[in-house]
Amino acid sequence: GGVRMRLRGTLQKSEQRRLSEVVKALDRMHKGNNNTCILLLSPENINIVAAPGGINDAQAWATLRTLCPHGTGIFSQYRIESQYDNRIGLEVEASLLVLALKSAEAGEQTTIKLRNRDGHALLSFEIITQSTPMMTVIQDVPIRVLSAHQIDSVQEPVADSPTVRLMSPPIKSLSTVVERLKSLHDRILLRGNMNGELEIGVTTDMVFMTNYWKDLPSPTIDGEDPQPRDSSKRAEAHVDAATLSKVFTAHALKPSQAICCMMDHGTQRLVVWLLFMGASDCVTYYLPVVDA
């Protein structure tokens, strides 16, 4: 009875690389730790989620369009069916997904399917090679299929009305700065205000080193009035240096723009970095605030 669970998507050649880079970026968040990630697939989007491995780790949440007009989605063809509003949730080891996507990058065309073998669920990559004669190489990645209840329990953190919201300096330069600071201390201080100023540094009794940016624009969110410049709207937070350093390895994604948000109200203390690739894809990192 009911709808069988089906998933079949043909990756666009131009997008294989991007999908691969996003999964690699998420895999880097948990090197050596629990490296499972969750794929949430719906007709419109794929979310790839790297849950925090430890208390000071960031949660990373990628959102990619499946199909778009003008071919800006991940797939050129895509079909998804399930009894749960055509949504499917899969748990997979990120490093195995990276390997399968690496093989796919070398191929001419890759089709991803859900299949069962001996009662084990697999995400199967059928890769047509570029060689002559053409061959099909199959790479099966073991997965765990999530129940509807488990899918619902994977919720993106709510990051409402940030105290400070600024266009981020280039991630590549932030990465260089944080690598240097990380060698000095395991906590990094972030300070920002709505007058376009951002400071990233280490301030202890022994060490004072800080990097300062000014005139950063404040992005407007759809449907909102532009925020007036206001240096009294400020926030500061310490984050774990190793976590911030891992987040900024995402400069490999070559984001077209990035936004830094700081939430500092009551129970909700978070630092959020949003990286945008192209028109509709985004990777968001949620960093917990730690004690100084």
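Colleague: How are α4 and α5 oriented to each other?
Modeller: In this predicted model, the axes of α4 (residues 171–182) and α5 (residues 241–248) come within 9 Å and cross at roughly 155°. Axes are lines fitted to C-alpha atoms, for helices over the stretch in contact, with angles from 0 to 180 degrees between N-to-C directions. Angles over 145 degrees count as roughly antiparallel. The two helices, α4 and α5, are therefore roughly antiparallel.

Colleague: Which residues of α5 does α4 meet?
Modeller: Contact means heavy atoms within 4.5 Å. From α4, the partners are I171, L174, S175, V178, E179 and K182. On α5 they meet A241, A242, L244, S245 and F248.

Colleague: How many nonpolar residues has the contact of α4 with α5?
Modeller: Ala, Val, Leu, Ile, Met, Phe, Trp, Tyr, Cys and Pro count as nonpolar, Asp, Glu, Lys and Arg as charged, and the others, Gly among them, as polar. The contact of α4 with α5 has 2 polar and 2 charged residues, and its nonpolar residues number 7.

Colleague: Is I88 buried or exposed?
Modeller: I88 lies in strand β6 (residues 88–93). Buried means under 20% relative accessible area, exposed over 50%, partly exposed in between (1.4 Å probe, protein chains only). I88 has a relative accessible area of 1%, so I88 is buried.

Colleague: What limits apply to the model and its numbering?
Modeller: Residues are numbered from 1 along each chain as its sequence is written, and side-chain values use heavy atoms, leaving out hydrogens and water. Totals for chains, interfaces and linings use all residues, whereas side-chain atom pairs count only at pLDDT 80 or more and local features need pLDDT of at least 70.

Methods. Helix = DSSP H or I, 4+ residues; strand = E, 2+ residues; numbered from the N terminus. Parallel < 35°, antiparallel > 145°, perpendicular 65-115°, else oblique.
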